[in-house]
Amino acid sequence: MKMRSINVVIALTAEQLEQLTSATAQILSAADPRRYMRQHARLWSNVSSALEAASGGKCWYCETARNRSNYGVDHFRPKSRVTECPQHPGYWWLAFDLSNFRLACTYCNERRVAETTAGGKAGHFPLLIEARRCMNPAGCIAQEQPILLDPLDPSDPPLLKFLMSGDVMPRMPQNIDAIAYRRARDSIEIFHLHEARLVRGRGDKIRLVSSLLQVVENLAEDVSIRRTIIRQIREMVDSTGEYSGAICDALSADIERFLAATADEAA
Ligand SMILES: [Zn+2]
């Protein structure tokens, strides 16, 4: 995650929207909701490119840019099972609900074991208070307090702290805010945000931007390449840039100073 929170402008066609709305209504009265879900799975996979467009092609959880594989639509509330609650049938009634869709790379979405870490969301959806879990469509999901940080909730991504090394950790110390600490810690584990390759890639980008910021600082205003570098940095820290949330967190003061100092030149 940057998780920087994703500015959700999901541009669905009128037809896609209508199909999702209609399926959300129909699954409630389906004789076999699971079968209905399986038969209509294309309705959510069809909108993955619209979700990709909203984030500039990067995974909403880990911010890795898509390379050669398509990213899938993750159901934030799992649609067919809940690891933390074995008797739960899954939030099948939200299978076609756009507000339950998140774009996820396979590393965030599927269980994987890496060099020294393991993670992947799969069926996980832990709650702070398990007794408040919504078990069926008659329940109220607003009563749930999810542990997983949600890239669509602007107050969630800042609970992660990124370091120059690319490492990620909870921002709030456990003794100051135990809930914020736990949500960040568990999200890092479940989304596998501490996986070694991801940490390396994130750290490389953070350090690259840091170096470029120093270059700009040392270049006179009339040097022609200055404008190019400024434009490049601005693209990298834009919300659609790969790891831009992590970069902006790790280098926040430097980037703020850069953006203010170069506003005229970038115009
Ligand atoms: Zn990811």
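Against which strands do the buried residues of α4 pack? The model examined here is predicted, with local features requiring pLDDT of at least 70 and side-chain atom pairs counted only at pLDDT 80 or more, whereas totals for chains, interfaces and linings use all residues. Residues are numbered from 1 along each chain as its sequence is written.

Helix α4 spans residues 48-55, and Leu51, Glu52 and Ser55 within this helix are buried; a residue is buried if 20 or more other C-beta atoms, placed from the backbone, lie within 10 Å of its own. Helices are DSSP runs of H or I with at least four residues, strands are runs of E with at least two, and both are numbered from the N terminus. Viewed down the axis of α4, the buried residues fall within an arc of 100°, so they line one face of the helix; the arc is that of the directions from the helix axis to the C-beta atoms. These buried residues pack against β1 (72-75) and β2 (101-104). Just after α4, Gly56 adopts a positive phi of about 70°.

Helix α6 (residues 178-190) comprises 13 residues and reaches 18 Å from its first C-alpha to its last, close to the 18 Å expected at 1.5 Å a residue; the expected span is 1.5 Å times one less than the number of residues. Buried in α6 are Arg183, Ala184, Ser187, Ile188 and Ile190, and their cover includes β4 (118-119), β5 (160-162) and β6 (168-170). His192, which follows α6, has a positive phi near 60°.

The protein is divided into domain 1 (14-161 + 175-195) and domain 2 (198-266), with bounds that come from an automatic or database domain assignment. The domain centres, taken over C-alpha atoms, are separated by 31 Å. In domain 1, 12 residues are in contact with 10 residues of domain 2, contact being defined by C-beta atoms, placed from the backbone, within 7 Å.

The largest nonpolar core has 53 residues, of which Cys59, Cys62, Ala104, Cys108 and Ile247 touch the most other members. Such a core is a set of buried Ala, Val, Leu, Ile, Met, Phe, Trp, Tyr and Cys residues joined through C-beta atoms within 7 Å. Both domain 1 and domain 2 give residues to this core, so it lies between them. Residues up to four places away in sequence aside, Cys108 touches Cys59, Tyr61, Cys62, Gly120, Lys121, Phe191 and His192.

Ser244 is found in helix α9 (residues 244-250) and counts as buried, with 22 C-beta neighbours inside 10 Å.

Key. Two residues are in contact if their C-beta atoms, placed from the backbone, lie within 7 Å. A residue is buried if 20 or more other C-beta atoms lie within 10 Å of its own, exposed if 12 or fewer, and partly exposed in between; C-beta atoms are placed from the backbone.
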